[in-house]
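Subject: Structure handover

Hello,

Here is the structure you will be taking over. Please look it over first, then read the notes below it.

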Amino acid sequence: MNLACEILASFLLIFTVPTKGEDPESIVVWGALDHDLNLDIPGFPRSDIVADIKWNRNKNKIARIKKDMPLHNETDKYDMFTNGTLKIKTLMRNDSGLYEVEVYDSNGVNLLSKKFDLKIQEMLSGPEINWICTNRTVSCKVENGSNPKLELFLNMTRVKQDHGKLITYTWNTRWNKTFKCVASNHVDSKVSIEIAVCPDEGLDWYLIIGICVGGAVFLLFVALLIFYISRRKKQSRRRDDEELEIKAQRAILEERGRKPQQTPVSTPANPGMSQTPPVPGHRSQPPAHRPRALGPRVQPQQKRLPPTPGTQVHQQKGPPLPKPRVQTKPPCDAEENS
């Protein structure tokens, strides 16, 4: 890129674009400060008929060449070639002005006259591109140079241009920002290209809220799907269990229906009739007398039955009554003797 700019600057220094200057007949020529400049004569006639060439600056003679005579220069600032081209060495700002050339033949006839309006400009420094991600602002500026024209391109599209050493622009795109800044004047042109990278760009509030809402909706959908699937599995499992239970009950009922019904054996009304009859001729013996067990005889205690419902039990109140006397009955022998 720098090589191309140097070639372009050399081209501008060597060749000039003819335009109208302050003098209607003059040609405006731009020269770069601190560089050499060649003033070529457009439409120069054949060299075999040219006998005299004169160069004047602000109507003062600065260089002259005549046929069969050595070159005459007023100062070392200028140099002239046989084709009439004037070379100005190391241009300074005070070198600007009106330059005029006159070409004559051997008879002193004016073959050609041209006027050049020389203007001096300083070459430009490289443009600098800077950007701020917070407010999405990009700037392009040049430090040195005369009357620069700045052009700013975003992704190969020109978005702003202005004359001056600084321009700014606010972008609204979010992705793939390639900025190109072109600084130019009549003697120079420089280009800079930068790719703006903002690490947190694109994650603005709207995008963050959208991501959060979308994630919440997705999680809710997944939770509902899992709940629905688990419920369907439980229902199908319960249905299978019920079907198995119904099948088992049907199998039991079918098995009972296949078995024959058995009649229960009736018990005799008299248990003695169920005993085997004694053998004829055999005498039954009474049961043998068992000896009493030694020791005190334990009388069984009579259990007191609870009162029947509806009867009232008389409870004695006050001191206990005296017990009645028990009269002993005389023995039976005494009664007979009497």
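This is a predicted model: local features need pLDDT of at least 70, side-chain atom pairs count only at pLDDT 80 or more; totals for chains, interfaces and linings use all residues.

Residues are numbered from 1 along each chain as its sequence is written, and side-chain values use heavy atoms, with hydrogens and water left out.

The sheet

Four strands form an open sheet in the order β13-β12-β15-β16, with antiparallel pairing. Strands are DSSP runs (E, at least two residues), numbered from the N terminus, and two of them pair if DSSP finds at least two bridges between them. The edges are taken by β13 (157-163) and β16 (189-196); each has a single partner strand, so one side of each has no neighbour in the sheet. On average, neighbouring strands here are turned by 15° against each other, direction ignored (axes are lines fitted to C-alpha atoms, and angles run from 0 to 180 degrees between N-to-C directions). Strand β15 (residues 177-184) is joined to β16 by eight bridges, and the two run antiparallel. The bridge partner of A183 in β16 is K190.

E151 belongs to strand β12 (residues 149-154). E151 is buried, at a relative accessible area of 13% (buried is under 20%, exposed over 50%, partly exposed in between, with a 1.4 Å probe and protein chains only). Its side chain makes a polar contact with the side chain of R158, at 2.7 Å; such a contact is a pair of N or O atoms within 3.5 Å, where within protein one must be able to donate a hydrogen and the other to accept it, and residues adjacent in sequence count only if both atoms are side-chain atoms.

In the loop between β12 and β13 lies N155, whose phi is positive, near 50°, though N155 is not glycine. N155 is partly exposed, at 34% relative accessible area. M156 is found in the loop between β12 and β13 and has a positive phi of about 70°. M156 is exposed, at 66%.

Aromatic rings

There are two aromatic pairs in the structure. In one of them, W171 and F179 have ring centres 5.7 Å apart and planes at 55°, so the pair is tilted. Rings of Phe, Tyr and Trp (its six-membered ring) pair if their centres lie within 6.5 Å, with planes under 30 degrees apart counted as stacked, over 60 as edge-to-face and the rest as tilted. W171 is buried at 2%, and F179 is buried at 0%.

Regards
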